[in-house]
Amino acid sequence: MAQIELIERLKQQRGLFKLMKAAWYPMIDLKWSVERAVKSKCPVCLGKAPFDRVTGYDRVFLKCRSCTHIWAHDYSEMRALIGMGMHDFGGGEPDTGGDTEMFLARFCQEQFGSKSILLFGTGPTRAFRALHDEGVDVYGSDVSADVIKYRQAEFGADRFFHPDQMGTRKFDVIISTEVIEHLFRPVAEMQGIVAHLNPGGIFCGSTGFSKDGGVDEGPNRYMAPRGHVIYWSENSLAAAFRRIGLTLTSFALGSGFASARIFFGTSNAAVIDRLGALKQEYGERPLFQLPATASQPAHD
């Protein structure tokens, strides 16, 4: 959190921010390229090198031959932090977007009787406010100091907090839309998230899946360098979930946004069976169709 707060303070002093980027980027990128070059195991399935190199958006990625996980070879964790804040979530102004989060919260309530719901990495979307106003037992979490301050001013620290401040809180559902493609240590970081699920709880959200085993250079610029460091696939996300004790079920998300998928991960046999039945029913028809005015998620 300290790094993010420093970056956001520097952004307010634009001259210093430009100087920081000019001075630090070359050193950060050199350090990162060395770390990536000696990577010997896939961060998801632990499959061993060699890894294939795939390109897209003028970037270079590594691809595991075992689980088809694709991750950035050219982007440092420090650089990924730059750009986070109130107005850097794709949707622009606060309290816009959040349609997928709202759908998933209501879906889990209706289908599985879920009660407590955490929106993880929700940014300033309208989902938290809308669900709260509906009487849902909803909580919000984000890493941006600006977003936390904005939400806590109205809803307090018990309802909206930094992930490091979750303590022993537990939830029936954790929803994370367009977040898991930002994780540099995906298995460990997702393990930290699902540790806050009640027994048999559900971890769900949305992300882009690779359609053809490579990097899809669609017009939406999904993997352009804005902090996206993972391109998931059905195989790689399933492998990550297996390592943290979850079973994956995924569905199409009605969106032109980079082969967007809705994912569910749970160890609850009844939920897995119900999701499997829905999967049979829907096939590749979207489980949820984004409104025409929300053709892409409101935050990255």
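A salt bridge is taken here as a side-chain nitrogen of Lys or Arg within 4 Å of a carboxyl oxygen of Asp or Glu. The structure is a predicted model, in which local features need pLDDT of at least 70 and side-chain atom pairs count only at pLDDT 80 or more, while totals for chains, interfaces and linings use all residues. Residues are numbered from 1 along each chain as its sequence is written, and side-chain values use heavy atoms, with hydrogens and water left out.

**Overall composition**

The protein chain contains 9 helices and 12 strands; these are DSSP runs numbered from the N terminus, helices being H or I of at least four residues and strands E of at least two. Of its 300 residues, 54% are buried, where buried means under 20% relative accessible area, exposed over 50%, and partly exposed in between (1.4 Å probe, protein chains only). The accessible surface amounts to about 13,300 Å², and carbon and sulfur atoms supply 51% of that area. Such areas come from the Shrake-Rupley method with a 1.4 Å probe; for residues, only the protein chains shown count as cover. Among contacts (heavy atoms within 4.5 Å) with a separation of 6 or more, 68% are between residues 24 or more positions apart.

**The sheet and its helices**

An open sheet of mixed pairing is formed by 8 strands in the order 6-5-4-7-8-11-10-12. Strand 6 (160-161) and strand 12 (288-289) each have a single partner strand, so one side of each is left without a neighbour in the sheet. Two strands are said to pair if DSSP finds at least two bridges between them. Strand 4 (residues 117-120) runs parallel to its partner, strand 7 (residues 171-177), over 3 bridges, and Leu118 has Ile174 of strand 7 as its bridge partner. Helix 8 (residues 234-243) packs on the sheet and touches strand 8 (197-208), strand 10 (247-254) and strand 11 (260-266), its direction making about 140° with that of strand 10. Helix 9 (residues 269-282) also packs on the sheet, touching strand 8, strand 10 and strand 11, but makes about 35° with the direction of strand 10. Axes are lines fitted to C-alpha atoms, for helices over the stretch in contact, and angles run from 0 to 180 degrees between N-to-C directions.

**Gly140**

Gly140 belongs to strand 5 (residues 138-141) and is buried, at a relative accessible area of 0%. Its C-alpha atom is 4.5 Å from that of Phe160, 20 residues away along the chain. Beyond neighbours within four places in sequence, the contacts of Gly140 include Leu118, Phe128 and Arg159.

**Salt bridges**

| Pair | N to O distance |
|---|---|
| Asp99 and Arg126 | 2.9 Å |
| Asp137 and Arg159 | 3.0 Å |
| Lys279 and Glu284 | 3.8 Å |

Asp99 lies in helix 4 (residues 99-112) and Arg126 in the loop between strand 4 and helix 5 (127-133), 27 residues apart. Asp99 is buried at 13% relative accessibility, whereas Arg126 is partly exposed at 30%. Asp137 is in the loop between helix 5 and strand 5, and Arg159 in the loop between helix 6 (145-155) and strand 6, so this pair ties together parts 22 residues apart in sequence. Asp137 is partly exposed at 30% relative accessibility, as is Arg159 at 23%. In the remaining tabulated pair, Lys279 is partly exposed at 26% and Glu284 exposed at 52%. Shared partners also join Asp95, Arg129, Arg151 and Glu154 into one network of salt bridges.
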